[in-house]
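Here are my notes for your next look at the model. Please keep the structure open while you read.

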Amino acid sequence: MAGTTTGIPANVTQGARTKGGVGESMLRPDGTLKVTGEFAYSSDMWHEEMIWGQVLRSTVAHAEIVSIDTSEAVALSGVYAVLTADDLPAAKNYGMEYQDTPVLAYGKVRHHGEPVALVAADHPETARRAAAKIKIEYRELPVITDEASATAPDAILVHENRGDHHAGHVPHPNIVHRQPIIRGNAAEAAKKADVIVKGEYTFGMQDQAFLGPESGLAVPSEDGGVDLYVATQWLHSDLKQIAPCLGLPEEKVRMTMAGIGGAFGGREDISMQILASVLALRTSKPVKMVYNRYESFFGHVHRHPAKLYYEHGATKDGKITHMKCKIVLDGGAYMSSTPSVVGNASSLSVGPYVIDDVEIEAIGLYTNNPPCGAMRGFGAVQACFAYEAQMDKVAAKLGMDPVAFRQKNAMEQGTVMPTGQPVDSPAPVAELLRRVKARPLPPVRQWESSEGADVRALPGGLSNTTHGEGVVRGVGYAVGIKNVGFSEGFDDYSTAKIRIEVINGEAVATVHTAAAEVGQGGVTIHAQIARTELGVQQVTIAPADTQVGSAGSTSAGRQTYMTGGAIKNSCEIVREKVLEIGRRKFGSYHPAWANAELLLEGGKVVTDGGEVLTTLVEVLEDEAVEVEEEFRHRPTEAFDLRTGQGNGHVQYAFAAHRAVVEVDTELGLVKVIELACAQDVGKAVNPLSVIGQIQGGTTQGLGVAVMEEIIVDPKTAKVRNPSFTDYLLPTILDTPTIPVDYLELADPNAPYGVRGIGEAPTLSSTPAVLAAIRSATGLELNKTPVRPEHLTGT
Amino acid sequence: MRVNFTVNGRKQEADDVWEGESLLYVLRERMGLPGSKNACEQGECGSCTVRLDGVPVCSCLVAAGQVEGREVTTVEGLADYAKHRQDAHPGGGCATGACGTSLQDAQQWKAKGQDSQTGEGAELSPIQQAFIDAGAVQCGFCTPGLLVAADELLERNDMPSDADIREALSGNLCRCTGYEKILDAVRLAAARQGEVV
Ligand code: FES
Ligand code: FES
């Protein structure tokens with residue numbers, strides 16, 4: 001790629017190279033604020049005279065609302081407002097892809113925990129007590145909870161009158177979207193197979209469980225609008241959905257990003273934004289709203305639980321002949337991003353392998369289960385869990401080494417995807433597997449090794465339940481493929497406004513975008529890119545808000561690529577303008593201004609030969625240059641609705657894992673000893689945060705493998721474990737060391753060659769852990785998470 | 001009710017406290033000290049960890065009335081606490097009133113956009129600096145609780161093994177980092193502490 005970091009000009013000695021540019025491990029600019037407790041997260045907002053908002057949620061999953069009586073709640077002292085759907089000022093529904101989600105339920109509730117009424121009061125406890133006094137009468141309806149109940153010919157429809165654009169293409173109105181992919185002839189190719197392996201897999205419902213709860217502050221403004229401070233992944237998408245529900249033009253809804261305590265897809269959909277705004281407008285008071293953890297489990301969409309049915313065939317020499325699969329994703333009561341998740345699951349269902357003959361079908365259901373939508377890995381995670389289990393099964397049946405079998409079938413640059421799209425950048429699948437395999441194994445039975453003998457190293461740790469009698473070790477491998485950025489013809493772009501000026505005798509660049517810093521380190525790399533492109537040391541990152549164009553979502557691994565690209569683009573134009581000013585002022589003094597390639601380095605204008613012409617300060621003096629530009633990745637297209645063919649994806653990311661586990665077969669306890677990852681990151685803009693992202697993603701995959709699941713009662717569709725007591729997350733004791741080995745094989749089409757990083761490690765870590773547990777125990781284990789009873793057969 | 005207690009070396013008085021209010025709520029919403037975080041409010045995540053008379057506790061599980069007459073240290077007071085660790089009453093070294101957050105400062109805490117450029121030049125405790133240097137902060141929501149817990153560990157044990165660190169921090173969830181860099185940070189702070197001695 002052009003425009004990457006340039007070398008140090010030979011004859012410039014003094015601070016020539018800009019420090020802290022692309023490729024260096026830089027520390028977070030918000031680090032100090034975050035370690036001192038001063039960083040203002042969305043739940044930290046405070047305003048004089050603010051009052052508190054509280055939601056009342058449905059206690060049943062599927063019912064007609066017969067009546068709502070708010071009289072007792074209103075009468076409570078300290079209560080400012082009690083609202084139901086009848087009190088909403090304008091549009092009653094919102095939604096990212098299709099507006100089917102009620103702000104407050106009206107007519108019907110479709111899932112447990114759906115918002116039904118709203119309270120504003122002077123103290124959060126007053127608000128809670130008032131909410132508890134609202135009386136709702138429900139007439140319960142049968143619940144739809146799985147594929148069979150959803151697609152039965154006489155099934156009650158979750159949405160009676162669908163008006164979305166998928167409605168006409170689906171075989172049943174309780175199917176949100178269906179994406180088949182047919183390529184080659186799987187039935188014919190199956191005849192060449194020496195072995196055929198079938199499998200059924202179940203992937204549990206995972207929660208993003210970001211630590212910072214849904215929260216924010218809505219402040220009514222004098223012009224009748226509202227100023228909203230919230231934590232979200234995409235300000236402009238929120239704005240588009242909020243304004244119609246408030247009955248306000250978008251200019252009157254001014255959004256500012258508040259500090260975000262993690263997101264992982266769970267902040268893509270609206271949560272409390274509209275609710276707090278409605279209350280603020282209604283009461284003319286600033287309204288703060290903070291979900292507690294119980295509410296948070298109801299307040300955002302989850303990862304789609306899935307059933308996956310796979311068939312693979314292979315010849316004796318280890319070549320895969322064909323693949324057939326059906327993937328059923330449970331989208332829950334509202335659409336959210338289910339159609340896109342279906343597209344992803346379907347188009348990535350083969351995994352990173354060369355399979356010419358495939359028959360694929362993915363569907364997303366409407367049910368009365370909790371709504372599901374975006375979560376790190378977005379549809380690719382569920383598929384990876386199943387196809388990687390299949391790879392091990394086929395290899396075992398052939399008597400082949402599972403890694404060698406994968407490598408033999410691994411895709412590479414040029415491989416054609418089942419959608420007909422060739423992979424046109426590096427795809428080092430075999431190499432990533434080689435790297436994790438080549439790593440020396442951690443020592444066995446560490447709890448009894450003379451050095452550092454420690455029961456804490458045992459499965460079960462300090463509980464002192466075993467001394468290692470029934471403990472066996474297993475090793476497992478997995479690899480995955482994830483698309484990066486928004487696919488299927490989505491107009492995906494980002495905007496950046498860059499300003500350069502002299503402040504206190506120094507050239508300073510300001511980067512203003514609407515990009516969400518969810519913890520991934522965007523703010524760090526935005527400054528790095530500006531330093532590299534503009535040769536300045538000082539970069540200010542302006543707060544993200546809706547005063548600048550959309551940055552798109554901080555999701556799909558796209559933000560470094562997209563907003564990074566927008567910053568780079570804008571900086572390039574700023575640089576041209578700066579040089580133009582320089583040419584105007586100093587062009588007559590030195591011929592280089594006219595005929596040399598000029599660079600900005602270390603606060604100076606330098607020729608490509610390294611000669612310093614002048615400083616940025618002298619060029620700019622009291623002028624400022626400001627540019628706001630967009631960046632788009634190359635266009636994609638929708639998949640054909642019958643054949644699934646189409647150039648749907650922009651870029652792919654690849655990661656491989658090796659898991660080493662020790663399992664206590666008597667107690668059914670698993671201890672993951674090590675979870676090594678190798679990933680191609682294209683270009684590590686900030687190596688420190690690259691590793692942090694890979695380790696974090698790996699840990700979320702580990703969580704699904706052995707403990708994380710939202711349990712929904714199949715009879716009532718009620719959530720059984722909406723708390724951190726009952727929804728288990730990996731602690732520091734459950735998480736092993738995660739050695740990371742990254743490759744930098746540049747994507748020639750991406751800025752600096754970057755490849756999305758955050759999502760891929762979430763894919764392969766789950767199947768790697770499962771494979772390791774299977775190798776330790778010899779059990780089938782076709783479901784996540786693996787629980788003690790699955791291991792002990794009780 | 002009224003509650004009198006010391007926060008980060010400063011005498012504080014909270015009025016009109018409801019009987020059900022937690023120490024966490026009083027700190028965050030009444031004292032203007034939002035550094036301690038509210039991730040679960042049921043003692044499961046450790047984001048709200050503070051020291052109560054020196055002992056790390058989940059402030060979401062402590063009723064405000066229980067802290068009457070006692071000393072609380074939050075992440076906001078961590079640097080000062082670390083500096084005065086050798087004193088008989090660390091965190092009490094602030095009789096001058098030069099540290100801690102006054103109620104007036106608290107009132108001035110307003111909704112403001114995230115500004116990544118401030119906070120420079122703040123005095124940090126070794127564990128705070130190590131968290132930044134090791135890349136142990138991502139979204140940072142878990143960070144205040146982890147810092148308070150890790151600082152207490154290092155006070156007790158200046159050369160903790162990895163198993164010791166894991167044990168001490170096992171009550172603090174982090175959803176972003178995968179913990180590896182948090183371990184790095186504690187090791188780094190311990191090593192730096194060793195060099196000074
Ligand atoms: S908020 Fe106190 S332990 Fe989670
Ligand atoms: S929870 Fe986000 S950094 Fe720990």
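**Notes on the predicted model**

1. Start with a proline. A:Pro785 sits in the loop of chain A that runs between helix H18 (760-777) and helix H19 (788-792). The peptide bond joining A:Thr784 to A:Pro785 is cis, with omega at about -15°. Bear in mind throughout that this is a predicted model.

2. Two further backbone points concern phi. A:Ala209 is not a glycine, yet its phi is positive, near 45°. This alanine belongs to the loop between strand S10 (195-203) and strand S11 (215-220) of chain A. A:Ala209 counts as buried because its relative accessibility is 0%. A:Glu621 is the other case: a residue that is not a glycine, with a positive phi of about 45°. Look for A:Glu621 in the loop of chain A between helix H16 (616-620) and S27.

3. Now the interface. How many residues of chain A are in contact with chain B? The count is 83 on chain A, against 65 residues of chain B. Between them the two chains bury about 6,000 Å², and 58% of that is on carbon and sulfur atoms. Three residues, A:Val35, A:Trp46 and A:Ile732, supply 14% of the area that chain A buries against chain B.

4. In a salt bridge between side chains, A:Asp44 meets B:Lys37, at 2.6 Å from N to O.

5. Which elements build the chain A side? Those giving two or more residues include helix H1 (31-36), helix H3 (124-132), strand S13 (253-257) and helix H17 (687-706). H17(A) gives the most, with 8 residues. By type, the residues on the side of chain A that touches chain B are 41 nonpolar, 27 polar and 15 charged.

6. Helix H11 (residues 402-409) of chain A deserves a look down its axis. A:Val403, A:Phe405, A:Arg406 and A:Asn409 are buried there. They line one face of the helix, because the buried residues of H11(A) fall within an arc of 160°. Their cover includes strand S16 (306-314), strand S17 (320-330), helix H10 (380-398), helix H12 (429-438) and strand S20 (471-484) of chain A. At the start of H11(A), a side-chain oxygen of A:Asp401 comes to within 3.0 Å of the backbone nitrogen of A:Val403.

7. A:His633 occupies the loop between strand S27 (625-632) and strand S28 (651-664) of chain A. Is A:His633 buried or exposed? With a relative accessible area of 8%, A:His633 is buried. Its side chain has a polar contact with the side chain of A:Asp492, at 3.0 Å. A polar atom of the A:His633 side chain also lies 3.5 Å from the backbone oxygen of A:Phe486. Beyond four places in sequence, the contacts of A:His633 are A:Phe486, A:Asp492, A:Tyr561, A:Met562 and A:Val650.

8. Finish with a glycine. A:Gly364 is in strand S18 (residues 358-365) of chain A. At 0% relative accessibility, A:Gly364 counts as buried. Leaving out residues up to four places away in sequence, A:Gly364 touches several residues, among them A:Asn174, A:His177, A:Leu329 and A:Val342. A:Val381 is 17 residues away along the chain, and its C-alpha atom is separated from that of A:Gly364 by 15 Å.

Notes. Residues numbered from 1 in each chain as written. Chains lettered and ligands numbered in written order. Predicted model: local features only at pLDDT ≥ 70, side-chain atom pairs only at ≥ 80, totals over all residues. Heavy atoms only, no water. Contact = heavy atoms within 4.5 Å. Buried area = accessible area lost by both parts, 1.4 Å probe. Salt bridge = Lys/Arg side-chain N within 4 Å of Asp/Glu carboxyl O. Helix = DSSP H or I, 4+ residues; strand = E, 2+ residues; numbered from the N terminus. Nonpolar A, V, L, I, M, F, W, Y, C, P; charged D, E, K, R; others polar. Buried < 20%, exposed > 50% of the residue type's maximum accessible area, 1.4 Å probe, protein only. Arc of directions from axis to C-beta. Polar contact = N/O pair within 3.5 Å; in protein donor to acceptor, adjacent residues only side chain to side chain.
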